[in-house]
Amino acid sequence: MLKSKFMKAVAATAFTFSTWASAQAVDLQFYFPVAVGGKAAETIQELTSDYMAQNPGVTIDAVYAGSYQDTVAKAITASRGGNPPQLSVILSVDMFTLIDEDLIVPFDDYLASDEDKAWLAGFYPAFMENSQTGGKTYGIPFQRSTPVLYWNKEAFAEAGLDPNVPPANWDEMVEFGKKLTKKDASGNVTQWGVRIPSSGFPYWLFQGLTTQNGVILANSEGNRTNFDDPKVVEALQYLVDLSQKHQVMAPGIIEWGATPKAFFEGQTAMMWTTTGNLTNVRDNAPFEFGVAMLPAKERRGAPTGGGNFYLFKGASDEQNQAAVDFVKWIAAPEQAAKWAMATGYVAPRADTWETDVMKAYAKDFPPALVARDQLEFAVAELSTYQNQRVTGIFNDALAAAITGQKTPEEALKEAQAQAEAVLVEYR
Amino acid sequence: MKATRFKRDWIHGWLLLLPAMVFLFAFTHIPAVTTLINSFYSTPRGQRPARFLGLDNYERMLADPVFWKVLWNNLWFALGTIPLSIALAIAMALWVNDKLAGRGFVRMAYFTPTVLPLIAVANIWLFFYTPGFGLFDQLTRGLFGWPASNYLGDPDTALNAIIVVTVWKEAGFFMIFYLAALQAIPVSLKEAAQIEGAGRWTIFWRITFPLLMPTTLFVSINAVINSFRLVDHIFILTDGGPDNASSLLLFYIYETAFRYWETGYAATLTVALLVLLSLLAIGQFFLFDRKVHYK
């Protein structure tokens, strides 16, 4: 009797406490990077204030944290200082680093119901490869992209090529490139055939070539790389040959940032770059252009790229739940469509593409569909433990081969040995 | 009586020093000591705390080819920037110290690069260097019909391209010191020399330059420090590439600490930088200082 009364009292107290707690606003801090031009930052601020208007119990402090690099640096520093954000958008490839630093928690605990699991299955599998490891989901795709080929239809017509047919494979890209490369009277090139930028992070576009050549650069546990595989060497040889043997691409390291501008200026007839530039090219290209999947070798292929949502350690259960609810809301078709159209990022769920606004957008601007359709052939972006270090080693090797300091084989052998030394402690 | 008086003065003295000391300790001395301690430990990661490594980090540094490469780069960078920016600064100061039309405007023009933030400057130069349609390529094509260049994307020229930006940025700043020093030189010395029949070159070499020596010492110490400190533009222009061809020691430290998150090893590299800088500063003061003052 007494006992049951006591239990009731406990239950009642617990109940009051939980209602009291839920009546309090849940505060969330949310870091986000901006990696493309356009209205990315404004759109995120707009979406978070919409969410707060609809959910008065939640306060979200959306903090613009700079580039991807700055954002991960800030999130790690803040966490080490005992003041982590609850939610952050960070490169999908930084997953292993964040796990290694013991800073994030998987989403699975907060997505336990069957309905939630079905929701999780609604993302394109190509995007989930970089978001899951060891059977757990650490990232929810948000601002995701993939590289595509843009071509100048007028330059194609001028070179006697069908302006509506992009190169379908590696050989065609060289063949078309030779026709498209123009020289002036003194032998200086005025228009290159193709441009594959290689400054900063050459590994990303290079991964397009390796995927097409049928080889994967790192295992899904993130602790073994495959840099010196003969097929990787072959892919690098092809990239080097584009400028050195076939002379259809400018020699040396090619700047990322200047690539769209070079395309607009007619310095190159084709370029490989991210779909994140789609809106930019649409607004600024003074000629008719086309967008195609990257050319194939053994198969079609491209890496994915961009950022995921991560849940940080150190938050209360309630904060995590609120963060997950927010992520679910922002990934819902209406919000995701708004985000995709404002930036050019690929909407990561099929249901977004079913909405009327997205259908109208795609009908008006069919190139927007190319990236989505390419996802079928896309693979995880190169990601390992100590990711920045390992991709840094790989980037140096690529740069050394592109600038002719080392042969592709030599450069990749050295990179593999260095990556081994870093990764061996994670097996 | 006297003792309490002494004590009061003593307390006052320390109180006056305190604010500056707090900041000096918080932001200079304590971090420097912590860095030294951290350089003997491994990088803490998640559930693995830092463990004592002794000299392992230092052995790794000596065996690290990238470390030696950035050190050589830094040497070239110093050799390329210091003499050139000092020579330019003296030339510019002499030029704008004379009476010439629009002197104020020319002084301002020379000083402008100093006022601009280095990141903004780097973005402008990035456009100058852009292959094909950048300013330099448009000029060289229009004037000489040269083919497109790729100064930043070629390992042989990337570091030189960065040196040019740095000299452009620094020379105007050093000019200000020389200008002030030139104005402090009594005109009577120059007039006396002219009466003796000395030419312009002799006057510069025998009178002006020796009297500028204290300024040259000051400026050269600053230039040495800057050659290890100025890396902001590398982030924009080359990101250290291609294959570390334009990476400098401080840039490599940043990369190791905040891109690779190997803070233990980065601390070791920082110690190397600190030792190098102290040696250079001490060397300059002790070897140089005796010959600086004109007697």
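User: In this predicted model, which residue of β14(A) is the bridge partner of Gln143(A)?

Analyst: The model is predicted. Strand β7 covers residues 140-145 of chain A, and β7(A) pairs with strand β14, residues 305-312 of chain A, in the antiparallel sense over five bridges. Within β14(A), the bridge partner of Gln143(A) is Gly307(A).

User: How many of the six residues of strand β7 of chain A are buried?

Analyst: A residue counts as buried if 20 or more other C-beta atoms lie within 10 Å of its own. Strand β7 of chain A is mostly covered by this criterion, and the number of its residues that are buried is six of six.

User: Which residue of β10(A) is the bridge partner of Lys183(A)?

Analyst: Strand β9(A) is joined by two bridges to strand β10, residues 189-195 of chain A, and the two run antiparallel. The partner of Lys183(A) in β10(A) is Val189(A).

User: What is the distance between the C-alpha centres of domain 1 and domain 2 of chain A?

Analyst: The domain assignment places residues 25-144 and 306-368 of chain A in domain 1, and residues 147-303 and 386-426 in domain 2. The C-alpha centres of these domains of chain A are separated by 29 Å.

User: How many residues of domain 1 of chain A are in contact with domain 2 of chain A, and how do they divide by class?

Analyst: The contact involves 15 residues of domain 1 and 14 residues of domain 2 of chain A. On the domain 1 side, the division is eight nonpolar, six polar and one charged.

User: Is Lys231(A) buried or partly exposed?

Analyst: Lys231(A) is found in helix α10, residues 230-244 of chain A. Beyond four places in sequence, Lys231(A) touches Thr210(A), Asn213(A), Gly214(A) and Val215(A). Because 20 or more neighbours are needed for a buried residue, and Lys231(A) has 17 other C-beta atoms within 10 Å, Lys231(A) is partly exposed.

User: What separates the C-alpha atoms of Lys231(A) and Leu209(A)?

Analyst: Lys231(A) and Leu209(A) are 22 residues apart along the chain.

User: Where does Asp102(A) lie, and what is its phi?

Analyst: Asp102(A) lies in the loop between α4 (95-100) and β4 (104-105) of chain A. With 13 C-beta neighbours inside 10 Å, Asp102(A) counts as partly exposed. Most residues other than glycine have a negative phi. Asp102(A), although not a glycine, has a positive phi of about 60 degrees.

User: Is Asn244(B) buried or exposed?

Analyst: Asn244(B) is found in the loop between α11 (232-237) and α12 (249-259) of chain B. Asn244(B) is not a glycine, yet its phi is positive, about 65 degrees. Because Asn244(B) has 24 C-beta neighbours inside 10 Å, it counts as buried.

User: What is the radius of gyration of chain B?

Analyst: Chain B has 13 helices and zero strands. The globule rule gives 19 Å for 295 residues, and the value for chain B is well over this, so chain B is more spread out than a compact globule. Along its principal axes, the C-alpha trace spans about 80 × 75 × 30 Å. The radius of gyration of chain B is 24 Å.

User: What percentage of the contacts in chain B with a separation of 6 or more is between residues 24 or more positions apart?

Analyst: Of the 295 residues in chain B, 31% are buried. Among contacts with a separation of 6 or more, the share from residues 24 or more positions apart is 69%.

User: How far apart are the end C-alpha atoms of residues 12-32 of chain B?

Analyst: The unreviewed UniProt entry annotates several stretches of chain B as "transmembrane region", including residues 12-32 and 108-128. Residues 108-128 of chain B are 90% helix and 0% strand, with end C-alpha atoms 22 Å apart. Residues 12-32 of chain B are 100% helix and 0% strand, and the distance between their end C-alpha atoms is 28 Å.

User: How many residues of chain B are in contact with chain A?

Analyst: On the chain A side, 30 residues take part. The side of chain B that touches chain A has nine nonpolar, nine polar and five charged residues. The number of chain B residues in contact with chain A is 23.

How values were computed: Residues are numbered from 1 along each chain as its sequence is written. Chains are lettered from A and ligands numbered from 1 in the order in which they are written. This is a predicted model: local features need pLDDT of at least 70, side-chain atom pairs count only at pLDDT 80 or more; totals for chains, interfaces and linings use all residues. Domain bounds come from an automatic or database domain assignment. Two residues are in contact if their C-beta atoms, placed from the backbone, lie within 7 Å. Ala, Val, Leu, Ile, Met, Phe, Trp, Tyr, Cys and Pro count as nonpolar, Asp, Glu, Lys and Arg as charged, and the others, Gly among them, as polar. Two strands pair if DSSP finds at least two bridges between them. Helices (H or I, at least four residues) and strands (E, at least two) are DSSP runs, numbered from the N terminus. A residue is buried if 20 or more other C-beta atoms lie within 10 Å of its own, exposed if 12 or fewer, and partly exposed in between; C-beta atoms are placed from the backbone. The radius of gyration is taken over C-alpha atoms; the globule rule is 2.2 Å times the number of residues to the power 0.38. UniProt positions are given in the numbering used here, feature names are shortened, and annotations may be inferred rather than shown by experiment.
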